[in-house]
Amino acid sequence: YSSAVQKFSQTLQSFQFDFIGDTLTDDEINIAESFKEFAELLHEVELERSMMVQNASDLLIKPLENFRKEQIGFTKERKKKFEKDGEKFYSMLDRHLHLSSKKKESQLQEADLQVDKERHNFFESSLEYVYQIQEVQESKKFSIVEPVLAFLHSLFTYNNLTVELTQDFLPYKQQLQLSLQNTRNHFSSTREELEDLKKRMKEAPLTCKLPGQPTIEGYLYTQEKWALGISWVKYYCQYEKEAKTLRMTPIDQKPGAKQGTLDLTLKSCVRRKTDSIDKRFCFDIETNERSGTITLQALSEANRRLWMEAMDGKEPIYHSPITKQEEMELNEVGFKFVRKCINAVETKGITTEGVYRTVGSNIQVQKLLNAFFDPKCPGDVDLQSGDWDIKTITSSLKFYLRNLSEPVMTYKLHKELVLAAKSENLDYRLGAIHALVYKLPDKNREMLELLIQHLVNVCEHSRENLMSPSNMGVIFGPTLMRAQEDTVAAMMNIKFQNIVVEILIEHFGKIYSGPPEDTTAPPVPPPRVAARRHKPITISKRPLRERPVFFGASVEESGGQSSCSLMPYLPLTPLASCNTFPEAMEERAAGLHFLSPEHGRQPAARLQDGAARPAGKAANGVVSSPALRSGTLQARRPAPRPGGSGRDGDCDGVPKPRSHGDKPVIMRPPVRPPDPPCRTPVPPKLEQRPDLIAGTAEEMPSSV
């Protein structure tokens with residue numbers, strides 16, 4: 001499993017995302033670098049896991065095997081010797097008992113001496129065997145428990161690391177989830193625009209210009225309005241592209257009619273929507289000589305495409321009942337409509353979940369727009385009444401803004417705004433957008449301020465309506481900004497339009513407090529050779545952890561046979577002085593070591609600058625004493641065992657004698673009588689250096 005995880009980590013480390021476009025958003029940069037963060041996290045976990053497995057061998061299995069081979073194996077040899085000497089003694093004793101009393105006195109004395117000798121050997125073997133059994137049984141108490149204790153400490157150190165990594169990972173996870181959600185929202189917005197563009201391109205596929213032919217000619221039918229109705233008249237038409245002149249010659253002239261050839265200068269050409277007229281293959285033109293539009297009918301769809309290509313025809317861009325040109329501009333009626341919609345939303349729908357994201361009925365939207373922009377009584381609609389729900393009002397507002405002849409933030413400034421949003425310098429982004437806002441025409445800037453102020457008010461209720469500035473940017477980015485040309489490249493910049501609106505919402509107070517000192521936009525940064533590389537978010541990590549060293553060292557007297565074994569789980573890291581032990585234990589019991597930034601939870605920037613850890617902390621940010629537990633666990637333990645000799649000055653991982661008022665660390669049942677003091681003499685070296693037992697790392701000999 002560990003090997004598979006490490007291979008997976010290597011795969012994540014080498015994985016590269018491909019992106020379309022020359023610039024990435026900050027969220028896309030975070031996503032692109034996320035796999036490397038995951039890989040480092042998995043590598044660190046598996047490295048610690050391998051250390052834990054190694055500790056299982058070094059701290060648990062090998063010491064137990066050594067104890068079995070050295071102690072138990074030696075006891076078995078003693079047992080064999082005891083059995084051999086016993087068999088030899090009793091066989092000789094049997095022979096001695098069968099000796100005749102008639103033997104010579106010298107022979108009997110010699111036989112008695114041999115029996116005494118074998119008896120002495122047998123007694124010596126039995127004593128050695130019993131002593132060895134006693135020694136094994138007694139040494140088993142610490143020689144077997146100590147390896148298990150050391151292994152458990154290494155196991156809990158690994159588990160503690162996973163807790164630390166989880167705490168480091170959670171803030172990164174939340175930021176990355178936000179980036180993922182923002183990117184998903186941008187994707188949804190862009191996909192809708194691309195679907196709409198694809199649909200329009202399917203309805204009117206582009207046809208190549210006629211190479212080398214400045215004139216197109218052919219038959220067209222023209223809609224003529226008479227007093228008694230409408231008729232369609234056939235003309236032979238010739239169009240000169242460079243001069244934009246259209247010559248129309250009637251074919252079926254009525255007798256006595258004075259109608260002759262018409263010479264017109266073309267102003268515009270727009271395809272006629274199929275459902276707006278009962279004839280097929282129609283398109284409208286505007287000329288300087290005639291007021292209003294002239295509706296022409298081609299002979300086929302392909303023929304209409306050729307005429308529109310030659311005349312630089314456009315697709316219809318406004319499908320609402322608002323058909324008059326003045327009503328597609330930012331006029332008084334439009335301002336009145338926007339203000340009424342904003343008042344209605346802020347009065348009765350500002351806390352509605354998904355406000356502006358939820359779409360209203362298209363029929364109701366058309367009905368509201370028809371009523372409000374009725375030429376007879378424009379603006380005579382009460383949006384506060386119960387006839388109009390919030391979804392209809394918000395959808396109507398978006399529909400009106402999106403179908404203006406020019407977007408609120410104008411075509412002229414569109415490219416500069418997108419370039420500002422693409423900048424990797426956050427200060428430049430804000431400064432450039434701030435300056436560009438004050439380059440807008442007065443009406444456009446007034447309308448933008450009105451709308452952004454409203455969106456700020458809506459976002460202040462995000463706990464109820466779940467609409468954040470990022471969500472509002474996704475909705476109003478394509479509404480307030482759009483490129484003049486409908487191209488796939490323009491659609492790929494929608495996410496940066498969203499960022500512009502998001503910046504306007506988040507920095508509304510600064511932007512609309514007044515124009516910048518220099519009303520011109522800051523200079524554009526020099527072009528980059530490679531794609532922008534913004535510094536992504538990372539997992540806030542501590543410096544490299546010092547690994548605990550588990551050992552069992554013995555300091556022997558010169559020529560002596562006794563030894564004093566140090567605690568095998570004592571890490572070689574700077575420890576706190578003994579005076580801080582009660583405070584550290586109280587803090588640990590209160591659960592402060594994982595919550596307080598003063599105890600191993602410093603920000604990564606401070607730690608990378610070489611900030612020293614507080615006293616009493618191991619390299620992983622946790623109190624190094626494995627004996628510390630919470631007050632709840634300590635309360636369940638039995639009474640303390642009275643301290644033995646050789647424990648004075650113990651601290652942080654090495655037990656020390658405690659008074660009756662101190663909290664116990666390692667307990668024994670109270671029914672057992674106190675053990676006698678240890679008879680193993682403490683070497684003079686340790687008596688002279690009690691700080692070794694106390695664990696003061698500053699004075700610990702380098703040999704240990």
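**Labels and their cut-offs**

User: What makes the pair formed by the side chains of E28 and K495 a polar contact?

Analyst: The side chain of E28 comes to 2.8 Å from the side chain of K495. A polar contact is a pair of N or O atoms within 3.5 Å, where one must be able to donate a hydrogen and the other to accept it, and where residues adjacent in sequence count only if both atoms are side-chain atoms. The distance of 2.8 Å is within that limit, so the pair is called a polar contact. The side chain of E28 also has a polar atom 3.0 Å from the backbone nitrogen of T25.

Before going on, please note that this is a predicted model, in which local features need pLDDT of at least 70 and side-chain atom pairs count only at pLDDT 80 or more, while totals for chains, interfaces and linings use all residues. Residues are numbered from 1 along each chain as its sequence is written, and side-chain values use heavy atoms, with hydrogens and water left out.

User: Where does E28 lie, and how do you know whether E28 is buried or exposed?

Analyst: E28 belongs to helix α2, helices being DSSP runs of H or I with at least four residues, just as strands are runs of E with at least two, numbered from the N terminus. Buried means under 20% relative accessible area, exposed over 50%, and partly exposed in between, with a 1.4 Å probe and protein chains only. E28 has a relative accessible area of 10%, and therefore it counts as buried.

User: Why is F281 called buried?

Analyst: F281, in the loop between β4 (262-271) and β5 (282-287), has a relative accessibility of 18%, which is under 20%, so F281 counts as buried. F281 also has a positive phi of about 60 degrees although it is not a glycine. Y356 is another residue that is not a glycine and has a positive phi, of about 75 degrees, and with a relative accessible area of 1% Y356 is buried too.

User: What makes the pairing of K62 and D58 a salt bridge?

Analyst: A salt bridge is a side-chain nitrogen of Lys or Arg within 4 Å of a carboxyl oxygen of Asp or Glu. The N to O distance for K62 and D58 is 3.6 Å, so the pair meets the rule. Both residues lie in helix α2, four residues apart, about one turn of the helix. K62, at 42% relative accessibility, counts as partly exposed, and D58, at 33%, is also partly exposed.

User: How do you know that E301 and R304 form a salt bridge?

Analyst: Their closest N and O atoms are 2.6 Å apart, and the two residues sit three residues apart in helix α5, about one turn of the helix. E301 is partly exposed at 23%, whereas R304 is buried at 5%. The structure holds 17 salt bridges.

User: Why is the group of F15, F17 and F19 called a nonpolar surface patch?

Analyst: Patches are made of residues with over 30% relative accessible area and no salt bridge, with like charges joined within 9 Å and nonpolar side chains (Val, Leu, Ile, Met, Phe, Trp, Tyr) within 5 Å. F17 has a relative accessible area of 31%, so F17 passes the area cut-off. The patch covers about 240 Å², and F17 itself is found in the loop between α1 (2-14) and α2.

Technical notes: Areas by Shrake-Rupley, 256 points an atom, 1.4 Å probe, with all protein chains shown as cover.
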